[in-house]
Amino acid sequence: MKIKIMAVLTAVLASFGWHAYAQTYDTNNEVVQTFAGSGFSGDLNGVGQLTMFNNPNAMASDSHSNIFFWDSGNRKIKKITPDGTVTTFAGGASFSGGNLDQGTGTNVYFSGIGSLTVDRNDILWASGSTASALLYKITVGAVVTSTNLSSLLNSSYGLSGVCADSIGNIYFSIGNGNKIYRYATNTVVTVFAGSGNIGYADGNGIFTAFYNPTALAADSANNIYVWDSGNYLIRRIDQSQNVTTLAGKYQNGSSADGVGTNAAFAFIYQMCVDGSGNLILACGGSFGSSFGSSIRKMSASSNVVTMAGSFTGYTNGAGNLARFNGANGVCISAGAIFVADSGNQRIRQISFNPSSQVVTGANLGIGTFAGVTISGTVGRTYQVQSSPDLNAWTTRATILLNASPYLWIDQNPIAGNKFYQALLLP
């Protein structure tokens, strides 16, 4: 028997044909895959799909392509390395009264997290939930300190969104206070924009009005983008503190793609900016609803298109075919978009222009048996196929890797040539 080994990395596209609202799907071949999470609710660290979460939400990524997310039901900030390894980064202590919002790693108790961001020094910042005016600073070594801003802001309102610019300043929004603040590198807090009055007015600095601003994002030019949720608008604040409305229909919470004010948004949970200056939006059909969950993109010219998703559900595949059940967090890492799919208990990945990639020979092995040894990612699904002529391929097994290396032996070998290939499935 002559056996040859060939392996390729491929993606399986689902076929599902729903469309929602007035959506114009991007045509850059975005494909949605599952990166981590099994779909079961729980608290289990591990690798890839051999993990469990409890309603993952806000996300951020550092310069080493590590992803951090708020595992809200478990009250933990978790970390995912580029190879899909999930660990608890901070939080998870049992609340027994007293001050547990400072400490190291799992010795900290978080009552709630509203948003996450990573600054230029890879320090993670988190806003407390809407019931708390705490601003958390978490170092690379998971040392957690907190600043209670309630007395400084002369407000009982909690923080909402948070983002970091390239200089090292941190920005946060006070939704019910209708202001955006800057927490400078010298720890001085100032009002960056907003008068505090409920309303809608572009202008400069404090001579502007917002209505419940929440999600924030910063681009490479240090423009700050604001989801002005009560007005259903995306607005921008430059470093001269000029406030400009970019997209959305004023006080119209529908959902439609288009340019500028011809686009419409019902709710935006989180925003981030990619390397081309596009604003990436984790959108919901309405506040607190997973109906219409989608990832959308606004270009520098304020053209809004849908990248992936529409109705609720769970489907991997091409952008217009993919489904989310509560796309509540989004971040950019290693050139891909990652989504906290809260209702599906998964972290999903959106890749661009996917193409097959050869798995190196070091990850495959052959001995005196008919079959393959796969050195791959534990928790990911692989498909083994065989062929007598490298043209017609037959699926022989679908394997969820529970160990690496993994030995698969063909139980039905035949005489003559036989080739094998291993496919890493989404």
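Modeller: This is a predicted model. In β30, the residues Arg346, Arg348 and Ile350 point one way, whereas Ile347, Gln349 and Ser351 point the other way. In a regular strand, side chains alternate between the two faces of the sheet.

Biologist: Are the residues of β30 buried or exposed?

Modeller: Six of the six residues in β30, which spans 346-351, are buried. That applies to the residues pointing either way.

Biologist: Which strands pair with β30?

Modeller: Strand β2 (residues 31-36) is joined to β30 by five bridges, and the two run antiparallel. Here Thr34 lies opposite Arg348. Strand β29 (residues 336-341) also pairs with β30 in the antiparallel sense, over five bridges. In that pairing, Ile337 faces Ile350.

Biologist: Changing topic, which residues touch the most other members of the largest nonpolar core?

Modeller: Those are Ile77, Phe89, Phe110, Leu116 and Leu124, in a core of 19 residues. Strands β4, β5, β7, β9, β10 and β11 each supply at least two residues of this core. There is also a second, separate core of 18 residues, including Ala215 and Leu279.

Biologist: What does Phe110 contact beyond four places in sequence?

Modeller: Its contacts include Trp70, Ile77, Tyr136 and Val144, as well as Arg75.

Notes:
Residues numbered from 1 in each chain as written. Predicted model: local features only at pLDDT ≥ 70, side-chain atom pairs only at ≥ 80, totals over all residues. Heavy atoms only, no water. Core = buried A, V, L, I, M, F, W, Y, C linked by side-chain atoms within 4.5 Å. Buried < 20%, exposed > 50% of the residue type's maximum accessible area, 1.4 Å probe, protein only. Helix = DSSP H or I, 4+ residues; strand = E, 2+ residues; numbered from the N terminus. Contact = heavy atoms within 4.5 Å. Pairing = 2+ DSSP bridges.
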